[in-house]
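Q: I would like to go through this model with you, one topic at a time. Could you begin once it is on the screen?

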Amino acid sequence: MKSLLFISFFSMMVLTSCNTEVKSTISNEKTNNDISFYTKDSILIKGQLIKTSLEASTILLFHQGGSNASAEYESIIPKLTKQGFNVLAIDQRVGGQIYGQFNKTIVDITTNDYGYCDAYPDLESALDFIISKGFTGKKIVWGSSYSASLAIQLAHKRANDIDAVLAFSPASGNQLKDCLPNPYFETLKVPMLLLRPKREAEFESVQEQLKLAQSFGHQTYVAEHGVHGSSMLVESRVSHDVSDNWNIVNAFITNYKN
């Protein structure tokens with residue numbers, strides 16, 4: 001019950017195989033960074049791709065529930081591209097308008113009764129999209145809340161294609177009962193950094209999750225000053241300096257630069 005209350009509380013507060021064929025198109029709606037591609041179940045996913053070079057490492061950014069990539073990662077993307085990373089940030093089929101802007105993927109879905117676990121193909125198809133476009137550098141997947149749980153699953157299933165995973169506040173509870181992250185910790189071969197704000201770490205279920213990750217050799221971090229998900233890296237959302245949080249993230253991702 002605590003884990004269910006946890007995901008509901010924080011969601012409100014911040015208010016399949018390697019050979020999967022990807023049909024991709026380049027969109028010219030706004031900028032040359034706009035991209036779109038289809039998932040294996042024919043959902044048109046929209047996002048943005050900021051390219052440094054095909055040989056550079058690529059970070060794939062996935063947003064939290066009720067959100068969208070452009071708003072959630074608006075101040076984060078420039079910090080990553082400045083370090084020389086390619087960045088692919090997509091709008092998943094489960095999202096909304098938290099932090100402003102809108103989710104470009106869900107506006108085209110007439111009847112959207114998808115749950116969090118149903119968005120897994122969006123993440124896998126994003127990985128396939130990058131591979132299909134000839135990006136040969138290392139791949140880092142980065143998830144926030146529910147997408148952090150799915151990113152861990154992706155890193156587990158596609159370990160040959162992924163070099164590292166960052167999981168910001170990986171969610172659990174009944175809404176994710178079919179895609180819980182914890183069962184993957186033992187067999188996850190990809191290096192993982194699991195991050196939580198201090199107030200989340202007070203929950204018993206989160207304490208257990210952190211200990212479990214540590215027991216299997218994964219890196220964890222509890223931010224003294226932070227909020228749910230990737231927003232712990234955004235000073236205006238935390239209302240405090242977030243340099244320490246960024247230092248941990250940068251130290252981790254620097255290991256996977258080409």
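Q: Is C117 buried, exposed or partly exposed?
A: C117 counts as partly exposed, because its relative accessibility is 21%; buried means under 20% relative accessible area, exposed over 50%, and partly exposed in between, with a 1.4 Å probe and protein chains only. Please note that this is a predicted model, in which local features need pLDDT of at least 70 and side-chain atom pairs count only at pLDDT 80 or more, while totals for chains, interfaces and linings use all residues. Residues are numbered from 1 along each chain as its sequence is written, and side-chain values use heavy atoms, with hydrogens and water left out.

Q: Which residue does C117 form a disulfide with?
A: C117 forms a disulfide with C179, and their sulfur atoms are 2.0 Å apart; a disulfide here is a pair of cysteine sulfur atoms within 2.5 Å. C117 lies in the loop between β5 (86-91) and α4 (120-132), and C179 in the loop between β7 (164-168) and β8 (192-197), so the pair links distant parts of the chain, 62 residues apart. Helices (H or I, at least four residues) and strands (E, at least two) are DSSP runs, numbered from the N terminus.

Q: Is C179 buried or exposed?
A: C179 is buried, with a relative accessible area of 3%.

Q: What is the handedness of that disulfide?
A: The torsion about the S-S bond of C117 and C179 is about -80°, so the disulfide is left-handed. A search of the whole structure finds one disulfide.

Q: New topic: how many aromatic pairs are found?
A: The search of the whole structure finds five. Rings of Phe, Tyr and Trp (its six-membered ring) pair if their centres lie within 6.5 Å; planes under 30 degrees apart count as stacked, over 60 as edge-to-face and the rest as tilted. One of the pairs is F37 with F129: the centres are 5.0 Å apart and the planes at 25°, so the pair is stacked.

Q: Where do F37 and F129 lie?
A: F37 is in strand β2 (residues 34-38) and F129 in helix α4, so the pair ties together parts that are 92 residues apart in sequence. Both F37 and F129 are buried.

Q: What about the rings of Y73 and W142?
A: Their centres are 6.4 Å apart and their planes at 80°, so this pair is edge-to-face. Ring pairs also link Y73, W142 and F168 into a cluster.

Q: Which ring does the charged end of R237 sit over?
A: The charged end of R237 sits over the ring of Y99, 3.8 Å from its centre. The criterion is NZ of Lys or CZ of Arg within 6 Å of the ring centre and within 35 degrees of the ring normal.
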